[in-house]
Amino acid sequence: MSEKAAKSGKILLATSGWDPAIWIENFADKAKGRETVLPDGDFNREDVHYAAVWKQQPGSLKDLPNLKLIISLGAGVDHVFHDPFIPDVPIVRIISPDLTMRMTEYVVWQVLDHHRLGRRYRQQQSEKIWHEDRRQPAANEVTVGILGLGVLGSDAAEKLMNIGFNVTGWSRRERQLDGVTTYHGADGFKAFLKTADIFVSLLPLTPDTKGLLSMSMFAQMKEEGPLGAPVLINAGRGGSQNEADILAALDRGILSAVTLDVFQQEPLPTDSPLWTHPKVTITPHAAAASSASALVPAIIQQIEAFERGEVLQNLVDRSNQY
Ligand code: OXD
């Protein structure tokens, strides 16, 4: 290995479904001379010390003898584990104020849309119907229940409370958040499900959360609230939801409406009944886009800190896949 490579290992940018050009441009601009290469590029595999990945092609991280760190370009890391050939090096998630702000915007937007009857008014407009609906509960009559109280869930909770909503939250491990009634673990889940009118899932996909948003969960929610039956918003991962159960719960009035940003299969197949269901709002995994200009500086900082021997931030626990 050359001395230069030893001092400043290259970054392999391994993504699929994204145009890498904007990332390459940002790395070139902010990586202070450190070279970024693409999997199909012409480079010496020994020189690669870091891999920045989003849904990397399986096998693209193989045969990198000096790889030291894998950096997920998203908040989630399930996309990394799709690859059966991930080398045994630390994996870190990206947490950045930009990503957090984007997710909070999405959550607040969708909570308010359900709360302020957005879907109904859009429908009325399309039919030129003027119907003044006066049944509009105030935010402080409505409780939003957040599943997942990490950085994203905590920030969304705070902003929703600022608007006036009551907020409850559930997480795998115990968490305390000012102003939020929190529940945790399997024992707390049942009680949590009775608390909210709008549920927001920001859960990562792990073996524990797979298929969690299912009929057995919906059936334990309260039957009626200020908005009718509960609303579900999922901006976490599609693998956490059972789409057949969501449709059945909507049709049986167990859920009154849903917003889904993520799906069991993405892109959502054109023949999915979710597309045309009148109580479903769909966004195309767009809740919190990873912005190269915002995230690359944080990635470079993480690499530099790692090279100084500092502790890695946002380290993924492989056994839990998060
Ligand atoms: C992420 C995502 O993981 O956008 O950041 O899904």
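**Strand pairing in the sheet**

Strands β3 (residues 48-54) and β4 (residues 69-72) run parallel and are joined by four bridges; two strands count as paired if DSSP finds at least two bridges between them. The model is predicted, with pLDDT of at least 70 required for local features and 80 or more for side-chain atom pairs, while totals for chains, interfaces and linings use all residues. Residues are numbered from 1 along each chain as its sequence is written, and side-chain values use heavy atoms, leaving out hydrogens and water.

Within this pair, V53 stands opposite S72 in β4. The open sheet has five strands in the order β2-β1-β3-β4-β5, with parallel pairing. Because β2 (36-37) and β5 (91-92) stand at the edges with a single partner strand each, one side of each has no neighbour in the sheet. Strands (E, at least two residues) and helices (H or I, at least four) are DSSP runs, numbered from the N terminus.

Helix α2 (residues 21-30) packs on the sheet and touches β1 (10-15), β2 and β3, where contact means heavy atoms within 4.5 Å. The direction of α2 makes about 165 degrees with that of β1; axes are lines fitted to C-alpha atoms, for helices over the stretch in contact, and angles run from 0 to 180 degrees between N-to-C directions.

**Ligand surroundings**

The residues around the ligand are W54, G74, A75, G76, R237, H285 and A288, each with a heavy atom within 4 Å of it. Backbone N or O atoms lie 2.7 Å from a ligand oxygen atom for A75 and 2.8 Å for G76. In the side chain of H285, an N or O atom is 2.6 Å from an oxygen atom of the ligand.

Technical notes:
Polar contact = N/O pair within 3.5 Å; in protein donor to acceptor, adjacent residues only side chain to side chain.
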